[in-house]
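Dear colleague,

I am handing over the structure below, together with an account of what was found in it. Please look through it with the notes that follow beside you.

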Amino acid sequence: MPFSSNPINPSPLQSRLKRHPALFGVPFLLIIVGASFGLQTFTQTRYDLQDQKVKQISNEQSLGLDRKKKKFDIREEYYKLSAAGEQDWEPKRIARPNDFPKLGVPPTEPPAKS
């Protein structure tokens with residue numbers, strides 16, 4: 001004879017949870033919602049500190065500490081580089097090491113390990 005799934009002496013808590021499953025679910029949801037309200041203070045502190053850092057940087061800017069820095073303009077850098085390309089220069093090819101073959105020619109033997 002197989003064992004029955006019902007215990008001989010069920011505890012009162014088990015029988016209540018079997019009849020009313022909300023007794024388990026409601027406290028669980030209360031903990032989840034309460035934790036979100038509890039973590040709200042920590043999250044607010046984090047955003048306040050970030051805001052304070054941003055205000056500190058704007059105070060430095062209002063004092064004029066960033067006046068010494070040169071503004072970066074991408075167009076100006078482009079014109080500098082394009083003007084440098086018009087100067088007289090020639091590309092010089094350097095000699096390949098002896099243990100490397102010429103380009104396009106397969107090597108006859110593997111290169112020596114150093």
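With which residue does Lys 55 form a salt bridge, and how far apart are the closest N and O atoms? The partner is Asp 51, and the closest N and O atoms of the two residues are 3.5 Å apart, where a salt bridge is taken to be a side-chain nitrogen of Lys or Arg within 4 Å of a carboxyl oxygen of Asp or Glu.

Before going further, please note that this is a predicted model, in which local features need pLDDT of at least 70 and side-chain atom pairs count only at pLDDT 80 or more, while totals for chains, interfaces and linings use all residues. Residues are numbered from 1 along each chain as its sequence is written, and side-chain values use heavy atoms, with hydrogens and water left out.

As for the overall build, the chain has three helices and zero strands, and along the sequence this gives the pattern α-α-α. Helices are DSSP runs of H or I with at least four residues, strands are runs of E with at least two, and both are numbered from the N terminus. Of the 114 residues, 1% count as buried, a word used for a relative accessible area under 20%, with exposed meaning over 50% and partly exposed in between (1.4 Å probe, protein chains only). The accessible surface of the chain comes to about 12,300 Å², and 62% of that belongs to carbon and sulfur atoms; such areas come from the Shrake-Rupley method with a 1.4 Å probe, and for residues only the protein chains shown count as cover.

The UniProt record, in an unreviewed entry, lists residues 20-39 as "transmembrane region"; its positions are given in the numbering used here, feature names are shortened, and annotations may be inferred rather than shown by experiment. In the model, this span is 90% helix and 0% strand, and its end C-alpha atoms lie 31 Å apart.

Returning to the charged side chains, a search of the whole structure finds three salt bridges.

In helix H3 (residues 74-85), Glu 76 and Lys 80 are four residues apart and so are separated by about one helical turn, and they form a salt bridge whose closest N and O atoms are 3.8 Å apart. Lys 80 also meets Glu 77 in a salt bridge, again at 3.8 Å from N to O, with these two residues three apart in helix H3. Lys 80 counts as partly exposed at 45% relative accessibility, as does Glu 76 at 31% and Glu 77 at 30%.

Lys 70 lies in the loop between H2 and H3 and counts as exposed, at 65% relative accessibility. Leaving aside neighbours within four places in sequence, Lys 70 is in contact (heavy atoms within 4.5 Å) with Glu 76 and Lys 80.

With kind regards
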